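Here are a few friendly notes to read beside the structure. Take them one at a time and find each part in the viewer as you go.

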Amino acid sequence: MADRDGFIWYDGKLVDWRSATTHVLTHTLHYGMGVFEGVRAYETPKGPAIFRLQDHTDRLFRSAHILGINLPFSKEEINAAHLSVVKENGLKSCYFRPMAFYGSGKLGVAPPANDVHVIVAAWPWGAYLGEEGMEKGIRVKTSSFTRHHVNITMCKAKANGNYMNSILANTEATRDGYDEALLLDVDGFVAEGSGENVFIVRKGKLYTPDLTSALEGITRDTVVQIAKEMGLELIEKRITRDEVYSADEAFFTGTAAEVTPIRELDNRQIGEGRRGPITTEIQRRYFAIVKGESAEHEHWLTCVK
Ligand code: PMP
């Protein structure tokens, strides 16, 4: 990742990609106290457009607020940083990684409060869980790692350190030959994937876990809106793993994962064992929206001119 051409927005300046480095005593590197986002821009008829940029920036600031990190830039500056990295890198579509982290001002658990840095990087990135998975559905395994308890790490913050849990779960699942992990909460109910929210379809109704221990996904929110427009009933409730086993369809949502069908959980086929009709339609509508082919959703797009 470090060895490529281009520019990264780093503390207000565009820095050559290979020079966007930090010291080994960087506080966040040691303790994981930082916040980040995952954002995408798609190629649209009006040029590259960033999907729900303001919502991502708002969540970045909310995450920082939850963790007590004072961001030294305004939301407007962070939004503008996204636009500049698309332009300066000549990207048509991309994934963005904004992140705020503590510097090397001092080590020890108490962070250097006035030493907060922000980056926004962007690079081309295809289907997170593979093109084949988008079409045929992926194989998922219930993780032996439990999702965070609400009073251990803050589940509503997209915090760097929270992702140790995601990495453990994803690594375990992929080493065992699955595509992704499904994590249960401390009470044994379905929470989310390692980097995705989850939905199931049963008898024509859509279900998704409440947000107690899952991230408030922006793609999840987009799918909630799509479901409304499709006239689908959506029920937010606690879901058990056996409800997923016996669902007609299931899918993950996320900025990186977009809308990825799940064809199997713990070696149990879900529905017909392939992308189901409701998932197909939600996925179709999602891509039409992000690619600027849906006039009534244009307010979610920030064009990069
Ligand atoms: N849950 C987790 C743990 C995630 O990392 C993500 C990705 N940000 C999501 C859910 C989905 O969130 P979004 O749709 O906003 O990308």
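**Notes on the strands, domains and ligand shell**

1. Let's begin with a pair of strands. Strand β6 (residues 94-102) pairs with β7 through eight bridges, and the two run antiparallel. Within this pairing, Phe 101 stands opposite His 117 in β7. Please keep in mind that you are looking at a predicted model.

2. Strand β7 (residues 116-123) has another partner to look for: β1 (residues 7-10) is joined to β7 by two bridges, again in the antiparallel sense. Here Tyr 10 is the residue opposite Ile 119 in β7. As you trace these strands, remember that side chains in a regular strand alternate between the two faces of the sheet.

3. Now step back to the whole chain. The domain assignment divides the chain into domain 1 (7-123) and domain 2 (131-290). Taken over C-alpha atoms, the centres of domain 1 and domain 2 are 26 Å apart. The contact involves 20 residues from domain 1 and twelve residues from domain 2.

4. Which elements each supply at least two residues of the side of domain 1 that touches domain 2? They are β3 (34-36), β4 (39-44) and α2 (53-67). The largest share, six residues, comes from α2. Sorted by class, this side of domain 1 has nine nonpolar, six polar and five charged residues.

5. Gly 133 deserves a visit of its own. This glycine lies in helix α4 (residues 131-136). Is Gly 133 buried or exposed? A residue counts as buried when 20 or more other C-beta atoms lie within 10 Å of its own. Gly 133 has 21 other C-beta atoms within 10 Å, so Gly 133 is buried.

6. Who are the neighbours of Gly 133? Leaving aside those within four places in sequence, Gly 133 is in contact with Ala 127, Ile 138, Asp 179 and Thr 260.

7. Finally, turn to the ligand. There are 16 residues around the ligand, and those that come nearest are Leu 215, Gly 217, Ile 218, Thr 219 and Thr 255. The largest share, three residues, comes from α6. By class, the shell has three nonpolar, nine polar and four charged residues.

Note on methods
Residues are numbered from 1 along each chain as its sequence is written. This is a predicted model: local features need pLDDT of at least 70, side-chain atom pairs count only at pLDDT 80 or more; totals for chains, interfaces and linings use all residues. A residue is near a molecule or strand if its C-beta atom, placed from the backbone, lies within 6 Å of it. Helices (H or I, at least four residues) and strands (E, at least two) are DSSP runs, numbered from the N terminus. Ala, Val, Leu, Ile, Met, Phe, Trp, Tyr, Cys and Pro count as nonpolar, Asp, Glu, Lys and Arg as charged, and the others, Gly among them, as polar. Domain bounds come from an automatic or database domain assignment. Two residues are in contact if their C-beta atoms, placed from the backbone, lie within 7 Å. Two strands pair if DSSP finds at least two bridges between them. A residue is buried if 20 or more other C-beta atoms lie within 10 Å of its own, exposed if 12 or fewer, and partly exposed in between; C-beta atoms are placed from the backbone.
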